[in-house]
Amino acid sequence: MNEPRLLVISAPSGCGKGTVLGAVFKDIDVFYSVSCTTRPPRPGEINGTHYHFLAIEDFDRMVEEDGFLEHAGFVDKQYGTPAAPVLENFAAGKDVILEIETNGAFQVREKRPDAALIFILPPSVAELRRRLYKRGTETPEEIEKRVSRAADEIAKSYDYDYVFMNDDLDDAIRDFKTIYNAVKNGDDSADRFRTYKEETINMINEVLKNA
Ligand code: 5GP
């Protein structure tokens with residue numbers, strides 16, 4: 001059996017990350033970490049499934065008790081990965097997936113240098129803004145904060161292990177599967193997505209140029 005791997009996925013909000021991951025991991029036995037957050041649920045979001053929605057005092061208590069593997073602020077709200085379920089599943093031999101923003105991702109790398117950090121790029125920041133307005137789950141003010149935060153996050157993707165773009169959904173699913181298999185097998189079959197490759201750097205530069 002392969003060693004279990006810790007995969008950290010980051011993507012600006014509105015990037016279609018959930019759709020890509022849902023499609024890739026439908027048939028694979030991985031543990032998806034459910035995060036804690038102080039933001040309110042969106043319509044359709046279920047407590048305990050999409051997030052553990054916590055009051056600020058409860059979130060702060062978990063921080064004090066060292067209950068998070070990592071935690072970070074994002075657009076005025078707090079987000080964190082509960083440590084216990086991640087460590088238990090990892091110890092039981094399961095791959096663990098964290099969908100978290102960039103500051104949290106680098107905290108995880110500090111604690112677990114073997115974690116694979118994967119970043120999903122939007123085709124452009126303008127497209128991201130369009131998707132967020134279309135989704136309509138945030139106020140225009142919040143959307144603009146998320147868009148400006150997105151540019152900061154994209155600039156940090158140079159320090160991830162792998163970067164690919166969600167331009168076309170089928171392509172993104174294929175690319176992500178390629179990366180997942182390479183991480184699992186410890187081989188170089190996804191090296192074209194590595195951030196030391198010139199074409200990967202050019203792709204990030206291109207998205208940032210118009211941000
Ligand atoms: P949203 O409010 O759109 O669900 O998430 C906002 C951002 O917070 C996204 O970039 C998402 O990946 C990130 N996020 C979700 N859960 C966590 C977490 O546990 N830790 C950190 N650091 N970021 C998280």
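Reader: Let a polar contact be a pair of N or O atoms within 3.5 Å; within protein, one must be able to donate a hydrogen and the other to accept it, and residues adjacent in sequence count only if both atoms are side-chain atoms. With which side chain does the side chain of arginine 42 make a polar contact?

Author: The partner is the side chain of glutamate 138, at 2.9 Å. Please note that this is a predicted model, where local features need pLDDT of at least 70 and side-chain atom pairs count only at pLDDT 80 or more, while totals for chains, interfaces and linings use all residues. Numbering starts from 1 along each chain as its sequence is written, and side-chain values use heavy atoms, without hydrogens and water.

Reader: Is arginine 42 buried or exposed?

Author: Arginine 42 is buried, because its relative accessible area is 17% and the cut-off for buried is under 20% (1.4 Å probe, protein chains only).

Reader: Turning to the ligand, how far is its oxygen atom from an N or O atom in the side chain of arginine 42?

Author: That distance is 2.8 Å. Another 3.1 Å separates an oxygen atom of the ligand from a polar backbone atom of glycine 80.

Reader: And which residue has a polar side-chain atom 2.7 Å from a nitrogen atom of the ligand?

Author: That residue is glutamate 101. The protein covers 96% of the 510 Å² of accessible area that the ligand has on its own (Shrake-Rupley method, 1.4 Å probe).

Methods: Buried < 20%, exposed > 50% of the residue type's maximum accessible area, 1.4 Å probe, protein only.
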